[in-house]
Amino acid sequence: MIVVDTGPLYAAADASDAHHAGCAALFTDPADRLVVPVSVVVETSFLIERHLGPAAEAAFLGSLAPAGVSVEQLGHDDLARMAELVATYADMPLGAVDASVIAIAERIGATTIISLDRRHLSVVRPRHIAAFTLLP
């Protein structure tokens, strides 16, 4: 399973984004099952609507189900871990959405994250492995 962060989803939707081609290719034929935290769906939807408009937002939301993407809900343990991560990495700051990506990756045992956010995700030390493999 691969957990997906906001940046690559937005880049795949925005043809003018510098990372568009590489990110779109990652979602065309993924090597493994893609898991998207619900918080990432909400943040990506917000950014797409704000920058690309409601039609692009609707297209993004409509693309998730046919692609076989699993949208992962946040549970109580995830929220507690997110709070711990946000407090631990307050000097960055990490933020709730990145913390949710990490918490869900830890819970499901994912070792790979699709993210453009090297600044945060390369620094955080997950509980279940030494470091995440980051794509692209």
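**Salt bridges, sheet and core of a predicted model**

The side chains of E84 and R81 meet in a salt bridge, with 2.9 Å from N to O; a salt bridge here is a side-chain nitrogen of Lys or Arg within 4 Å of a carboxyl oxygen of Asp or Glu. The model is predicted, so local features need pLDDT of at least 70 and side-chain atom pairs count only at pLDDT 80 or more, whereas totals for chains, interfaces and linings use all residues. Residues are numbered from 1 along each chain as its sequence is written, and side-chain values use heavy atoms, with hydrogens and water left out.

E84 and R81 are separated by about one helical turn, because they lie three residues apart in helix α5. Helices (H or I, at least four residues) and strands (E, at least two) are DSSP runs, numbered from the N terminus. With a relative accessibility of 35%, E84 counts as partly exposed, whereas R81, at 8%, counts as buried. Buried means under 20% relative accessible area, exposed means over 50%, and partly exposed lies in between, for a 1.4 Å probe and protein chains only.

R81 also takes part in a salt bridge with E106, at 2.7 Å from N to O. This pair links distant parts of the chain, as R81 belongs to helix α5 and E106 to helix α6, 25 residues apart. E106 is buried, its relative accessible area being 13%. R81, E84, E106 and R127 are linked in a network of salt bridges.

The structure holds five salt bridges. Among them is the contact between the side chains of D78 and R107, at 2.9 Å from N to O. This pair, too, links distant parts of the chain: D78 lies in helix α5 (residues 76-88) and R107 in helix α6, 29 residues apart. D78 has a relative accessibility of 3% and counts as buried, while R107, at 41%, counts as partly exposed.

The strands form an open sheet of five, in the order β3-β2-β1-β4-β5 and with parallel pairing; two strands pair if DSSP finds at least two bridges between them. At the edges stand β3 (70-72) and β5 (133-135), each of which pairs on one side only. Neighbouring strands of this sheet are turned by 30° against each other on average, direction ignored. Strand β1 (residues 2-4) runs parallel to strand β2 (residues 34-37) and is joined to it by two bridges. V3 stands opposite V35 in β2.

Helix α6 (residues 96-108) lies across β1, β2, β3 and β4 (112-114), and runs at about 135° to β2. Axes are lines fitted to C-alpha atoms, for helices over the stretch in contact, and angles run from 0 to 180 degrees between N-to-C directions.

The largest nonpolar core has 31 residues, of which V36, L85, L94, I102, I113 and V124 touch the most other members. Such a core is a set of buried Ala, Val, Leu, Ile, Met, Phe, Trp, Tyr and Cys residues joined through side-chain atoms within 4.5 Å. Elements giving two or more residues to this core include β1, β2, α5 and β4, and its largest share, six residues, comes from α6. Neighbours within four places in sequence aside, I113 is in contact (heavy atoms within 4.5 Å) with residues including I2, V3, V101, A105 and L134.
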